[in-house]
Amino acid sequence: MFGRGIDNSITTGKDTRCEVTGGYQVPFSTQYPFVKSTPDFTQDEIGHIRYLRTALGSAAVARPTIDLQNGFNAVAHAAGVVGPGEFFDAFVDEISFLLGGFFIEDVDVTA
């Protein structure tokens with residue numbers, strides 16, 4: 001949403017902090033009423049990360065290698081959002097970003 005990664009202060013822990021690839025700032029251009037809550041969604045997800053890291057305490061690991069572009073695409077394929085040979089880009093517009101947010105929420109719940 002903001003065009004930058006999670007603050008390094010909440011990505012420390014055991015092992016080496018790795019890189020995040022993929023993703024770019026989402027061009028929010030429409031006036032859908034539900035899009036106005038997107039910054040709240042982003043902060044909510046950061047809150048989940050803080051909570052889990054606190055719960056893990058000294059067992060928390062540093063940020064793993066993350067590939068946002070291919071990760072979102074793989075989840076979209078698994079969910080049947082896109083078909084074989086199609087590509088899902090969660091950063092192309094606000095609707096795709098929100099759909100990608102639902103994917104993240106489902107991954108959070110399984111954690």
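Here is a short chat about a predicted model of one protein chain.

User: What makes up the chain, going from the N terminus on?

Analyst: The order is β-α-β-α-α. That gives three helices and two strands.

User: Why is Phe 91 called buried?

Analyst: Buried means under 20% relative accessible area. Phe 91 has a relative accessible area of 7%, so it counts as buried.

User: And why does Tyr 24 count as partly exposed?

Analyst: Exposed would need over 50%, and buried would need under 20%. Tyr 24 is at 40% relative accessibility, so it falls in between and gets the label partly exposed.

User: How do you know that Tyr 24 and Phe 91 form an aromatic pair?

Analyst: Ring centres have to lie within 6.5 Å to pair. For Tyr 24 and Phe 91 the distance is 5.7 Å centre to centre, so they qualify.

User: What does the pair tie together?

Analyst: Tyr 24 sits in the loop between β1 (20-21) and α1 (38-56), while Phe 91 sits in the loop between α2 and α3, so the pair ties together parts that are 67 residues apart in sequence. Ring pairs also link Tyr 24 and Phe 91 with Phe 72 into a cluster. Across the whole structure, a search finds three aromatic pairs.

User: Which residues make up the largest nonpolar core?

Analyst: There are nine in all: Val 26, Phe 72, Ala 76, Val 82, Phe 88, Ala 90, Phe 91, Phe 97 and Phe 103. The elements giving two or more residues to this core are α2 (68-79) and α3 (94-110).

User: Where does Gly 13 lie, and which residues does Gly 13 touch?

Analyst: Gly 13 is in the segment before β1. Leaving out residues up to four places away in sequence, Gly 13 touches Arg 53, Ala 60, Val 61 and Ala 62. Gly 13 and Ala 62 are 49 residues apart in sequence, yet 4.1 Å apart in space, C-alpha to C-alpha.

User: Is Gly 13 buried or partly exposed?

Analyst: Partly exposed, because its relative accessible area of 42% lies between the 20% and 50% cut-offs.

Terms used. Residues numbered from 1 in each chain as written. Predicted model: local features only at pLDDT ≥ 70, side-chain atom pairs only at ≥ 80, totals over all residues. Heavy atoms only, no water. Helix = DSSP H or I, 4+ residues; strand = E, 2+ residues; numbered from the N terminus. Core = buried A, V, L, I, M, F, W, Y, C linked by side-chain atoms within 4.5 Å. Buried < 20%, exposed > 50% of the residue type's maximum accessible area, 1.4 Å probe, protein only. Phe/Tyr/Trp six-rings, centres within 6.5 Å; stacked < 30°, edge-to-face > 60°. Contact = heavy atoms within 4.5 Å.
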